[in-house]
Amino acid sequence: MQRSVLEYLEETAKRLPDKVAFFDAKTEITFAQLREKAIDLAFVLMDKMKKRRNPVLVYLPKEVSSIVAFMGILYSGNFYTTTDIRFPEKKVNNIISTLSPSAIIVDSKTKKRLSKFAELDNIILINLDEVPCSGRYDEGERLVDQILDIDLVYTFFSSGSTGKPKGILINNHNVIDYIDWVVDTFNINETTIMGNQAPFYFDMSIQDIYAVLKSGATLGIIPVTYFAFPIEVLEFIKEKNINFLSWVPSAFINIANFDLLKSNPLDNVEVMMFGGEVMPVKYVNYWKKHLPNLKTIVNVYGPTEATVYCAYYIMDREFADSETLPIGKACENTGLLVLDDEGNVIDPKQINKLGELCIYGSSLSDGYWNDSEETEKKYVVNPLYKNYRQRMYKTGDLVYYNEYGELVFQGRKDFQIKHMGHRIELGEIETAVMGLPDVSNACACYDNEKKEIVLFYQGDVNEDELIDYLSSVLAKYMLPAIYKKLEQFPYNDNGKIDRNRIIQLL
């Protein structure tokens, strides 16, 4: 029985020791090298910490070195939290204060930076550049054997769409359950070269990292700076023969808005996967048109509490630009329930009836780090299990079943408003707006003081055109009162539209 994600690395390092596992713009590392460097770090951690099952913070660039740190922490019997060297000082200090890590992994450059502003009393700093060779690589299996499947792999700090930051706890069993499914479902294998976009503190990166360790695939870590100059992303993909893309929609959208694929076709790309926010169909159709060897298009959905994703839809029919892609059905060994306002389960035959999506299954997180109150609030009793307590997670997301029995994401409960006596999902307005070819992005908000719907948009379209179009597709009570054009939308660290900053523009 598999108990640890490190068993992926142990087995693949034996099977494919000299195959490149991860590469970035500057360096690469094989499976055997990764295992050895991780074990070297593990012995340093064990010597200095002298305890297990404790949090270790990683403060490194988004490069191969971070992967070494993650694996070394796991071999030491501890778990990791990763931050970003671009985060504001206050945010990093907040994470350190909340997490209380026993150690922090740095390199020579980030050690200097962190020491200038962070409160590091009683925290061990370990410089990855100074970790010596242990030569104890035959002890790797022994270290792995001490790990239980309920032991944590990581905790990611996330504020979700709204609310205070919280540390989401993910254990070995959670990751194994999800990774086994995704590798089998999408035939990720030794010939797969994945192109990583997601930051390492974002759950999408978990699929990138651990699918590679299980399957013997290769992951190309695309530099963060490249996404500010999309042509560099395409050149990286072509040069490295990347054939599997799993990104947030905004990364795909940015390239489409510059129409870069017309002159830079990506002949190698076979799989296109997107999640984290709604992907407008018109951008899917653009990519589909310009990827000659594309075999699979996947819309995926899932909060960080579900480890990575809990629902998926493999595109199997044509969609007009104005339509909405479903999020489909549950991933294997995952349960999904849709509850109405009274807590009743909505049957898939009840087409178009809106309710809150709830998740249960073995990929579901155990809760939040040092926050029992929030855990009890979000993880509730599953109504399907009458005679014993089985927990499920309330996502706060509104969905409905379509005529195919597929789930369709409508928006957040947080973004549901009561206006002119009607209940309105702001996400429905955004979806309608994105049906216009010349609109590249949209965000609908509600001004509670003035009781007005405000639409922020980006694109080559004027207000009169927007009003005419929306009047033809939306009920009158759903029409925005105010239209504000933005030259550029603000985005948060995960590449999603930063609604909090937009609301400040009201």
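A: Two strands pair if DSSP finds at least two bridges between them. The strands themselves (E, at least two residues) and the helices (H or I, at least four) are DSSP runs, numbered from the N terminus. This is a predicted model, in which local features need pLDDT of at least 70 and side-chain atom pairs count only at pLDDT 80 or more, while totals for chains, interfaces and linings use all residues. Residues are numbered from 1 along each chain as its sequence is written, and side-chain values use heavy atoms, with hydrogens and water left out.

Strand 24 (residues 439-447) and strand 25 (residues 452-459) pair in the antiparallel sense over eight bridges. Across this pairing, Y446 stands opposite I453 in strand 25. The two strands form a hairpin, with four residues between strand 24 and strand 25. K451 lies in the loop between them and has a phi near 55 degrees, which is positive although K451 is not a glycine. Most residues other than glycine have a negative phi. N241 also has a positive phi of about 55 degrees without being a glycine. The loop that holds N241 runs between helix 9 (230-239) and strand 11 (244-247). With a relative accessibility of 42%, N241 counts as partly exposed.

Leaving out residues up to four places away in sequence, T155 touches F79, Y80, T81, L99, G167, I168, L169 and W369. Contact means heavy atoms within 4.5 Å.

Next, the whole protein. Its secondary structure comes to 15 helices and 26 strands. The radius of gyration (taken over C-alpha atoms) is 23 Å, close to the 23 Å that the globule rule (2.2 Å times the number of residues to the power 0.38) gives for 506 residues, so the protein is as compact as a globular protein of that length. Of these 506 residues, 59% count as buried. Among contacts between residues at least 6 apart in sequence, 67% join residues at least 24 apart.

The interior can be described through its nonpolar cores. A nonpolar core is a set of buried Ala, Val, Leu, Ile, Met, Phe, Trp, Tyr and Cys residues joined through side-chain atoms within 4.5 Å. The largest has 152 residues, and F22, M71, Y80, Y210, W247 and W287 have the most contacts inside it. Helix 2 (residues 31-49) gives the largest share of this core, ten residues. Apart from this core lies another, of 16 residues, including L57, L99, V106 and F117.

A search of the whole structure finds zero disulfides, a disulfide being a pair of cysteine sulfur atoms within 2.5 Å. For C310 the nearest cysteine sulfur, that of C331, is 6.4 Å away. The sulfur of C358 is too far for a bond, because the closest cysteine sulfur, in C310, is 11 Å away. C310 is buried at 1% relative accessibility, and C358 is buried at 0%.

Conventions:
Buried < 20%, exposed > 50% of the residue type's maximum accessible area, 1.4 Å probe, protein only.
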